[in-house]
Structure formats: C-alpha cells, structure tokens
Amino acid sequence: MTQGKKSVLVIGFEPTLLDFSSPELAAFPGLDAPKIMQALKADQARLHALGYEVELCLIDLGETAEAVVLERLGAKRFDCILIGAGVRTGASHFLLFERLINLLHAHAPQATLCFNTNPADTAEAVQRWLPAT
C-alpha cells in the first residue's frame, strides 16, 4: 500500500458474464458490458485522483467468487470494501451477496463496508465512509 493512501477493494461482477436480457438487467435499456467496465474504470481513476489506492475485484456469478475475494483479502489489508449494486440488488444473487458479507466479516473485520447504486457512483459511496487523507 502506498504510504498514507487509504486502500479500497471494489467487488463486482465481471460484466461480460452478465445476461443483459434477464429481467433484472432488462430494466436498464442500453446497459452492456463495455459501458459497465467503462464506468468502473472511470470511478477507479476518480478514486485514485482523490487519493485512494483502489483495486477492482471482478467475480463470476458464484462458482469461484468467494475464493477470488478470499485470495484478495489474504494478499492485502483493505480500509474499505465496496460491494457493487449488481451483486447486491439482483434477487438471483442474494445468497452470493450474503455469503460475501459473511466472508468479509470473518476475514476483513477492520474494513468499512459501503455500497454504490450503479457503476458510476462508487467514489461517492467510498467517500461517505472513508474520507481520503
């Protein structure tokens, strides 16, 4: 970790794995994997500019998601962890979200948790709970 910077882990689905024709995502016409990735990268750059050290942790829909997050948590201590809206809000992903929360509770109890409402408001979510220094 860079001296003085707060570290943030952003957990979200790998956009190319999402089914944009599903009822959960069809409610957002025009949304696609490149637009989600563009928004994630833009917010990552914005957080860097605000003084945060940020890592994206893109997960699958459940087969290896917990193992991927656990590996990241074992490699580094994070001050704040954000779980993206796609993971949290889809009814079909509810149990994965619950498992991730318990994983974070057990393996990163020092981290503040926060949640965005879409891929473009990640910086605001982080700033609510972890002011940059």
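Colleague: Among contacts between residues at least 6 apart in sequence, what share joins residues at least 24 apart?

Modeller: This is a predicted model. Take the contacts in the protein chain between residues at least 6 apart in sequence. The share that joins residues at least 24 apart is 72%.

Colleague: In what order do helices and strands follow along the sequence?

Modeller: The protein chain has 6 helices and 4 strands. Read along the sequence, the pattern is β-α-α-β-α-β-α-α-β-α.

Colleague: What radius of gyration does the protein chain have, and what does the globule rule give?

Modeller: The C-alpha trace spans about 45 × 30 × 20 Å along its principal axes. Buried residues make up 43% of the 133 residues. The globule rule gives 14 Å for 133 residues, and the radius of gyration is close to that, so the chain is as compact as a globular protein of that length. The radius of gyration is 14 Å.

Colleague: Is V87 buried or exposed?

Modeller: V87 sits in helix α4, residues 85–89. Its relative accessibility is 0%. The cut-off for buried is under 20%. V87 therefore counts as buried.

Colleague: Which residues does V87 touch, not counting those up to four places away in sequence?

Modeller: S7 is 80 residues from V87 along the chain, and their C-alpha atoms are separated by 21 Å. Contact means heavy atoms within 4.5 Å. Leaving out residues up to four places away, V87 touches I11, G12, F13, I59, H93, F97 and L100.

Colleague: Where on helix α6 do its buried residues lie?

Modeller: Helix α6 covers residues 122–129, and its buried residues are T122, A123, A125 and V126. Seen down the axis of α6, they fall within an arc of 160 degrees, so they line one face of the helix.

Colleague: Which elements do the buried residues of α6 pack against?

Modeller: Both strands and a helix take part. The helix is α2 (33–49). The strands are β1 (6–13), β2 (52–59), β3 (80–83) and β4 (112–115).

Colleague: Is α2 roughly parallel or oblique to α6?

Modeller: The axes of α2 and α6 are 8 Å apart, at an angle of about 40 degrees. Angles under 35 degrees count as roughly parallel. The angle makes α2 oblique to α6.

Colleague: How do the residues of the contact of α2 with α6 divide into nonpolar, polar and charged?

Modeller: From α2 come D43, R46 and L47. From α6 come T122, A123, E124, V126 and Q127. They divide into 3 nonpolar, 2 polar and 3 charged.

Key:
Residues are numbered from 1 along each chain as its sequence is written. This is a predicted model: local features need pLDDT of at least 70, side-chain atom pairs count only at pLDDT 80 or more; totals for chains, interfaces and linings use all residues. Side-chain values use heavy atoms; hydrogens and water are left out. Buried means under 20% relative accessible area, exposed over 50%, partly exposed in between (1.4 Å probe, protein chains only). Helices (H or I, at least four residues) and strands (E, at least two) are DSSP runs, numbered from the N terminus. The arc is that of the directions from the helix axis to the C-beta atoms. Axes are lines fitted to C-alpha atoms, for helices over the stretch in contact, and angles run from 0 to 180 degrees between N-to-C directions. Angles under 35 degrees count as roughly parallel, over 145 as roughly antiparallel, 65 to 115 as roughly perpendicular and the rest as oblique. Ala, Val, Leu, Ile, Met, Phe, Trp, Tyr, Cys and Pro count as nonpolar, Asp, Glu, Lys and Arg as charged, and the others, Gly among them, as polar. The radius of gyration is taken over C-alpha atoms; the globule rule is 2.2 Å times the number of residues to the power 0.38.
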